[in-house]
Amino acid sequence: MSGAEVAGVAAGQRRPRATEVEQHGIDTIPDAERTSRPLDLFRIQFGGANTFATVILGTFPVLLGLDLVQAVAATVVGVVVGALILMPMGLFGPRTGTNTAVSSGAHFGVRGRVLGSFLSLLTAISFYSISVWVSGDALVGASTRLFGTGDSDLLRGVIYAVLGALVIVVVIYGYQLMLLVNKVVVVANTVLMLLGLVAYATLFDPSYDPGPQAYALGGFWPTFVLSALIVMGNPVSFGAFLGDWSRYLPADTRPSRLMGATFLGQLATLVPFLFGVGTATIVAGEADYVFALIQASPLWYAVLLMVVAFLGGMSTGVTSLYGTGLDFSSVFPRLNRVQASLSIGVLAFAFILVGRLVFDLLASVNAFIGAIVICTTPWMVIMTIGYFVRRGSYSPEDVQVFNQGRIGGRYWFSGGVNWRGMVAWIPAAVVGLLFANYPPLIEGPFRNAAGGVDISLPMSLGVAAVVYLSLLVAVPEPRYVFGPAGPRLVPARESEVPPVTDDPRASVHRAGRRRPLPAAEEPVGR
């Protein structure tokens, strides 16, 4: 079937209602059910980040001691650089018809792709927790301001539980309801945040400058770079999830449209980021940003902030938890998508209570953002290089081999692991940690190697790119992984595709997901 015919079939299909529970797990989405468009990819990204969780990240440059102009500059740099790194990650879903972690099996091996599952879990727990924490705190602050309820750990715990439960409900219904929620948040929270220009017009000081003595790391450049890296953690956090949503786009969607939707979706997050920068200057010095902001707000806007908090908590939590529940249903096949989502949700909620009520929120957020940037970025670089050298050619059937309790296929490599990708990622992540400076929890021994400026990202990216490309040249991959057009700029070795056979040791749950073995197929791509 040609690309035009596929698009025609998809257009003629009824898009499932938002109230229908999604039936697909990580299996390949059939062509006829790929009814989404690049605009939907934009909406999910912007909606998932147009929230108080992103606002909190936007406050960090000010909290770390930058003045207003410096904080805005650090924010813009972090968003743009992060968006550029993220852009290619939306390309995999339409080609493979499955989520990003499973797609990564093409480069890390169908078993080695569990690395991507771990990274998605780290990101999901981090941003689900941040979204519920911050949105819950905003609702507590507004409730105290409007109804005199007061503040207590019990009240916070109850609100966290209600928000967390509502997020899980949306996740259980799946992609279409998640898309609807984010469509609402794209418009509603943007309007509400822009109204902040009116609400804080008399309080905002455009000349805000706490002075050089306020720099958290003792100097401008170390503090500026740390601020940009924290902001960059937001777009990077989408790397493990873009395929969860882009798999519903037709396979022949132009790469330029996919990357454009991703870049614009992240660029739009400057709305909540700059809201955070601006409002942080208003309540600078206060221990609890969210609570202090609500107390400083005009009464009419304090009410609207409750809406922002509720909608934002829903959208960020849903976009974070959906993909991880989806993926872990394949790592632990005893669980279906709904059961896996519930399990991850309970784990994340426990982390919320411990992290928010026992530990320091600022330190916890800083550490998790650092871990996401350091560990996920080199993984994304390896995936991007792999996409380039393979000309975007992938076999949707062969990336599913491990999930169906089988062995063999194009991406089996050595026992299901492609050590080229793994050997490149491990030292890149280790080097990143050695040079990282996300105080107080992540402080690598070489963090002062560049005068206190955090160079963990360029070091990690450089190691991943150099090692991976060196291995592709020194130990070429088999020609069959590259598709009919062959490799780009790297050599290949001749070899036969290992036949796909049922694994007799596979669990009954994996075996139950098997489909009849197809005839030999050509990979999707050029």
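Contact here means heavy atoms within 4.5 Å.

**View 1. The fold of the protein chain, from a predicted model.** Residues 24 or more positions apart make up 84% of the chain's contacts with a separation of 6 or more. The protein chain has 22 helices and six strands, meaning DSSP runs numbered from the N terminus (H or I, at least four residues, for helices; E, at least two, for strands). Its radius of gyration is 23 Å, close to the 24 Å from the globule rule for 526 residues, so the chain is as compact as a globular protein of that length. That radius is taken over C-alpha atoms, and the rule is 2.2 Å times the number of residues to the power 0.38. Boxed along the principal axes, the C-alpha atoms take up roughly 70 × 55 × 40 Å.

**View 2. Surface and burial in the protein chain.** Of the 526 residues, 59% are buried, which is to say under 20% relative accessible area (1.4 Å probe, protein chains only).

**View 3. Ala138 in helix H8.** Helix H8 covers residues 114-147. Ala138 is buried there, at a relative accessible area of 0%. Beyond its neighbours within four places in sequence, Ala138 touches Phe52, Val290, Ile294 and Ala309. Gly109 is 29 residues from Ala138 along the chain, yet their C-alpha atoms are 43 Å apart.

**Notes.** Residues are numbered from 1 along each chain as its sequence is written, and side-chain values use heavy atoms, with hydrogens and water left out. In this predicted model, local features need pLDDT of at least 70 and side-chain atom pairs count only at pLDDT 80 or more, while totals for chains, interfaces and linings use all residues.

Note on methods:
Buried means under 20% relative accessible area, exposed over 50%, partly exposed in between (1.4 Å probe, protein chains only).
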